[in-house]
Amino acid sequence: MPRLILARHPRPVDRWKGVCYGYTDIEVEELTAQEQQALNRIAKSVGRVYSSDLSRARVPAERAARSARKPCVLDARLREINMGAWEGKPWTDRKST
């Protein structure tokens, strides 16, 4: 039976906290060595690693795939939703409709 394991990208750096950033390629904190090692172990247990093409997901996924000697497949369809007019704006700027 196929196996699906989901992992979220690292935390955004401070300047992006509280901002709508669906399609925006934001800076994120580096994974700790322990977090990357855990991701590497997960990558060893699957046939291939799939990731959004945005760097916040792509970089740790590629590292894990390389460590596990597995292919890493990048796919823009795995991006978070596009926030439209809210993209890149603080959540607190939203006006109720």
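The model is predicted, so to speak a calculated picture: local features need pLDDT of at least 70, side-chain atom pairs count only at pLDDT 80 or more, and totals for chains, interfaces and linings use all residues. Residues are numbered from 1 along each chain as its sequence is written, and side-chain values use heavy atoms, with hydrogens and water left out.

Starting with the overall layout, the protein chain has two helices and two strands. Here helices (H or I, at least four residues) and strands (E, at least two) are DSSP runs, numbered from the N terminus. Going along the sequence, the elements come in the pattern α-β-α-β. The C-alpha trace spans about 45 × 30 × 20 Å along its principal axes. Out of 97 residues, 28% count as buried, where buried means under 20% relative accessible area, exposed means over 50%, and partly exposed is what lies in between (1.4 Å probe, protein chains only). Contacts, meaning heavy atoms within 4.5 Å, can also be sorted by how far apart the partners sit in sequence. Among those between residues at least 6 apart, 58% join residues at least 24 apart.

Next comes the helix pair. Two packed helices are described by the angle between their axes and the distance between the axes. Helix α1 covers residues 33–44 and helix α2 covers residues 55–68; they pack at an angle of about 60°, and their axes are 8 Å apart. The axes are lines fitted to C-alpha atoms, for helices over the stretch in contact, and the angles run from 0 to 180 degrees between N-to-C directions. The two helices are therefore oblique to each other; the scheme takes angles under 35 degrees as roughly parallel, over 145 as roughly antiparallel, 65 to 115 as roughly perpendicular and the rest as oblique. As for handedness, α1 passes α2 in a right-handed crossing, that is, the near helix is turned clockwise from the far one by less than a right angle, with anticlockwise giving a left-handed crossing. On the α1 side the contact is made by Q36, L39, N40, A43 and K44, and on the α2 side by P60, R63, A64, A65, S67 and A68. Sorted by type, the residues of this contact come to six nonpolar, three polar and two charged. In that sorting, Ala, Val, Leu, Ile, Met, Phe, Trp, Tyr, Cys and Pro count as nonpolar, Asp, Glu, Lys and Arg as charged, and the others, Gly among them, as polar.

Two residues of α1 are worth a look of their own. N40 is found in helix α1 and, at 14% relative accessibility, counts as buried. Setting aside neighbours within four places in sequence, N40 is in contact with R63, A64, S67 and A68. L39 is also placed in helix α1 and counts as buried, at 19% relative accessibility. Not counting residues up to four places away in sequence, L39 touches A7, L31, P60 and A64. L39 and E80, 41 residues apart in sequence, lie 20 Å apart in space, C-alpha to C-alpha.

With 38% relative accessibility, T32 is partly exposed. T32 and P10 are 22 residues apart along the chain, and 9.6 Å separates their C-alpha atoms.

R69 counts as exposed, at 78% relative accessibility. Its phi is near 55°, a positive value in a residue other than glycine.

The segment after β2 holds A76, which is partly exposed at 36% relative accessibility. A76 and S51 are 25 residues apart in sequence, with 8.2 Å between them in space, C-alpha to C-alpha. W86 is found in the segment after β2 too, and its C-alpha atom is 24 Å from that of S51, 35 residues away along the chain.

A pair of aromatic rings is described by the distance of the centres and the angle of the planes. Rings of Phe, Tyr and Trp (its six-membered ring) pair if their centres lie within 6.5 Å; planes under 30 degrees apart count as stacked, over 60 as edge-to-face and the rest as tilted. By this rule there is one aromatic pair. The rings of W86 and W91 have centres 6.2 Å apart and planes at 65°, so the pair is edge-to-face. W86 is partly exposed, with a relative accessible area of 38%, and W91 counts as partly exposed at 35%.
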